[in-house]
Structure formats: C-alpha cells, structure tokens
Amino acid sequence: MRKNTSKKRLDTIFSEFIRRRDANSEGFIRCISCGKVVHWGDSDCGHYINRRHNSTRYDEQNCNAQCRSCNRFDEGNIQGYRRGLIKKIGEKATDMLEVKKHNVCKMGQSEINLLADVYRKKLKEIKDKQG
Ligand SMILES: [Zn+2]
C-alpha cells in the first residue's frame, strides 16, 4: 500500500520543483516581484494568489521563485509580483488566476498523494537535467 504524503511534505516537493524550474543553468533565480537575483536554494516558492486557496496552491503559473525578503517580509510584494507575472505569462493568464482562486477545490488524501507522485517525478526530471 502506498504511504500517505502529508500536505507539508507535498509543499516541500512542489516548492523545490518551482524554484529549480525558475533557476538558470548556474542555479540562480530572478525574483518574480523585485528582480533580485539569488540562488534557488536561498529563494522561496512565492504564491501570487495566497496559498490558503487550494485551487491555485499547486498551480504552476501561480507559483514562482521569489526572494525571501519579498516573500517573508513584504507580504509577497504583490504589486511587483503582478507586474512580473504579467511579463512572464501575460495579463490574461494572470487574471485567470484571480478567477480560478474562487473555484472550490476539495483536496483529500488521495489527491495529495497523486500530486506528490506527479511532482516527485517532475522534480527528479529537473534534477537529472541540472545534474
Ligand atoms: Zn524580491
């Protein structure tokens, strides 16, 4: 039987995937909100729509590498985040996230396990590529 993954563990896997995804070949990310360049290991996975909304909590467009000062001390620097996100995915996709956040999303243990499996695989692929 498959072991249950905690939501906290899923967050950890997903966060590493997002930060590595956004890193360049040297391992550096550019903060989505302020443009500061930091190593992915020193960055956070920042949510555009607050992570308390399950419907966008694990949305790859809603989550981007962010410097810690924006994420932890500037409430995500949300105006900068919006500007950065529009540059990255366009205004329509950014506005769609605002709509999607209102979707009802019931996440049970089986959905958490499934997402964890998906992101373990995606993380492994990216790690293999980055070496
Ligand atoms: Zn920043």
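Biologist: Which residues are buried in helix 6?
Modeller: The model is predicted: local features need pLDDT of at least 70, side-chain atom pairs count only at pLDDT 80 or more, and totals for chains, interfaces and linings use all residues. Residues are numbered from 1 along each chain as its sequence is written, and side-chain values use heavy atoms, leaving out hydrogens and water. Helices (H or I, at least four residues) and strands (E, at least two) are DSSP runs numbered from the N terminus; buried means under 20% relative accessible area, exposed over 50%, partly exposed in between (1.4 Å probe, protein chains only). For helix 6 the buried residues are Ile112, Asn113, Ala116, Tyr119, Leu123 and Ile126.

Biologist: Within what arc do the buried residues of helix 6 fall?
Modeller: An α-helix has 3.6 residues a turn, so residues three or four places apart point the same way. The arc is that of the directions from the helix axis to the C-beta atoms. The buried residues of helix 6 line one face of the helix, because seen down the axis they fall within an arc of 155°.

Biologist: What do the buried residues of helix 6 pack against?
Modeller: The face turned away from the buried side carries exposed residues, including Lys121, Lys124 and Glu125. Packing rests on contact, meaning heavy atoms within 4.5 Å. The buried residues of helix 6 pack against helix 1.

Biologist: How are the rings of Phe14 and Tyr119 arranged, edge-to-face or stacked?
Modeller: Rings of Phe, Tyr and Trp (its six-membered ring) pair if their centres lie within 6.5 Å; planes under 30 degrees apart count as stacked, over 60 as edge-to-face and the rest as tilted. The whole structure holds four aromatic pairs. The centres of Phe14 and Tyr119 are 4.8 Å apart and the planes lie at 90°, so the pair is edge-to-face.

Biologist: How many residues apart are Phe14 and Tyr119?
Modeller: The pair links distant parts of the chain. Phe14 is in helix 1 (residues 7-21) and Tyr119 in helix 6 (residues 109-130), a separation of 105 residues.

Biologist: Which residues do ring pairs link into a cluster?
Modeller: Phe14 is buried at 2% relative accessibility, and Tyr119 at 6%. The rings of Phe17 and Tyr119 form a tilted pair, because their centres are 5.3 Å apart and their planes at 55°. The cluster linked by ring pairs is Phe14, Phe17, Tyr58 and Tyr119.

Biologist: What arrangement do the four donor atoms around the zinc ion have?
Modeller: Donors are N, O and S atoms within 2.8 Å of the metal (3.2 Å for Na, K and Ca); water is not among the atoms, so sites may look incomplete. The SG atoms of Cys31, Cys34, Cys67 and Cys70 coordinate the zinc ion at 2.3 to 2.4 Å. Four donors count as tetrahedral if all angles lie between 85 and 135 degrees. The angles here are 107 to 113°, which makes the arrangement tetrahedral.

Biologist: What relative accessible area does Cys67 have?
Modeller: Cys70 is buried at 5% relative accessibility. Cys67 is also buried, with a relative accessible area of 1%.

Biologist: Which elements do the buried residues of helix 4 pack against?
Modeller: The buried residues of helix 4 are Gly80, Tyr81, Gly84 and Leu85. They lie on the same side of helix 4, because they cover an arc of only 130° around the axis. Gln79, Arg83 and Lys87 are exposed on the face turned away. The buried residues pack against strand 3 (43-47), strand 4 (63-67) and helix 5 (91-100).

Key:
Tetrahedral: all angles 85-135°; square planar, octahedral: opposite > 155°, others 65-115°.
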